[in-house]
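Reader: I would like to learn how to read ring pairs and helix packing. Can we work through an example?

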Amino acid sequence: DHHQDKTTTTPSSLSFFKMALSGATDFDKLKELCTLNHKEQVIWFLNAFWHKHADEAELLWKYQHKFAELDLQNHEAGHDLDELNAHRFLEFFNETMTVRQMRDTLRATGAIGDKFKNVPITHYLIYRYSADWKYLVNASQGDNKAEIEQAQRMLEAVQAAYKESEAKAQAAAAALREAQAREAEAKAREAAAVAAVAEAKLREEESHAAKAELEVALAEVQKQEDAYNNKKADLERKSEEGGVVSRNK
């Protein structure tokens, strides 16, 4: 029946699991809303403000996906982020405010009390869209079924596109790393070849220098040998001449 249709809990449908929050006060209802998982909180917000922010649905799914990604412990099943990862979320979407500024704004509207460590996506959405949080926690759920089913299809399309782009980015990064490794290897081989050529030239120059040095040394030996032979011949000639003179006396 119609009531059952609006309260289905199947994951493939954005028709919501509960029609209303059970808290006694709006403050309690907001606390209860923030215990739903990231996706359920976004669905609740879209249901409440579809008339205002239907054209922002794709961006809200991106917010939800990033929350789940940064929720390192619980991922999609989690319902808030610690302060560090909340800051990472804000930086990723180029938000200039800090978690503290967001809390101060929410506290001023009475949405939260003094003690609040973690950040649910609902708090961010209230701040981001200056949403009336009391209207949010009391908004009816599941009355705009056709629009919500369209939002579901948008969610699935966005998530599929995100996974595809992420896979392509990872493949491109891997290809880049491989190309860089090959380039580095080629440069290393080129450098080794250049070094080998330089070493061969150095050895050749050293060889030429050694040969020239040897030739100089051989020439010096030959010169000394020639000088010795000349001196020896001269002495022998003088000795013979002296003998002839002696015999003629």
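Reader: How many aromatic pairs does the count come to?

Author: This is a predicted model. Rings pair here if their centres lie within 6.5 Å. By this rule the count comes to ten aromatic pairs.

Reader: What kind of pair do Phe45 and Tyr129 make?

Author: Their ring centres are 5.8 Å apart and the planes sit at 40 degrees, so the pair is tilted. Phe45 belongs to helix H3 and Tyr129 to the loop between H7 and helix H8, so the pair ties together parts 84 residues apart in sequence. Phe45 is buried, at 1% relative accessibility. Tyr129 is buried too, at 13%.

Reader: And what kind of pair do Tyr63 and Phe93 make?

Author: An edge-to-face one, because the planes stand at 85 degrees, with centres 4.8 Å apart. Tyr63 is in helix H4 and Phe93 in the loop between helix H5 and H6, so this pair links parts 30 residues apart in sequence. Tyr63 is buried, with a relative accessible area of 2%. One aromatic cluster includes Tyr63, Phe93 and Tyr124.

Reader: Now helices. What describes two packed helices?

Author: The angle between their axes and the distance between the axes. Helices H3 and H4 cross at roughly 165 degrees, their axes coming within 10 Å. Over 145 degrees counts as roughly antiparallel, so H3 and H4 are roughly antiparallel. The contact includes Phe45 and Trp50 of H3 and Trp61 and Phe67 of H4. By class, ten of its residues are nonpolar, three polar and one charged.

Reader: At what angle do H6 and H7 pack?

Author: About 75 degrees, with axes 10 Å apart. H6 and H7 are therefore roughly perpendicular. Among the contact residues are Met102 of H6 and Tyr124 of H7. Five are nonpolar, three polar and none charged.

Definitions and conventions. Residues are numbered from 1 along each chain as its sequence is written. This is a predicted model: local features need pLDDT of at least 70, side-chain atom pairs count only at pLDDT 80 or more; totals for chains, interfaces and linings use all residues. Side-chain values use heavy atoms; hydrogens and water are left out. Axes are lines fitted to C-alpha atoms, for helices over the stretch in contact, and angles run from 0 to 180 degrees between N-to-C directions. Helices (H or I, at least four residues) and strands (E, at least two) are DSSP runs, numbered from the N terminus. Angles under 35 degrees count as roughly parallel, over 145 as roughly antiparallel, 65 to 115 as roughly perpendicular and the rest as oblique. Contact means heavy atoms within 4.5 Å. Ala, Val, Leu, Ile, Met, Phe, Trp, Tyr, Cys and Pro count as nonpolar, Asp, Glu, Lys and Arg as charged, and the others, Gly among them, as polar. Rings of Phe, Tyr and Trp (its six-membered ring) pair if their centres lie within 6.5 Å; planes under 30 degrees apart count as stacked, over 60 as edge-to-face and the rest as tilted. Buried means under 20% relative accessible area, exposed over 50%, partly exposed in between (1.4 Å probe, protein chains only).
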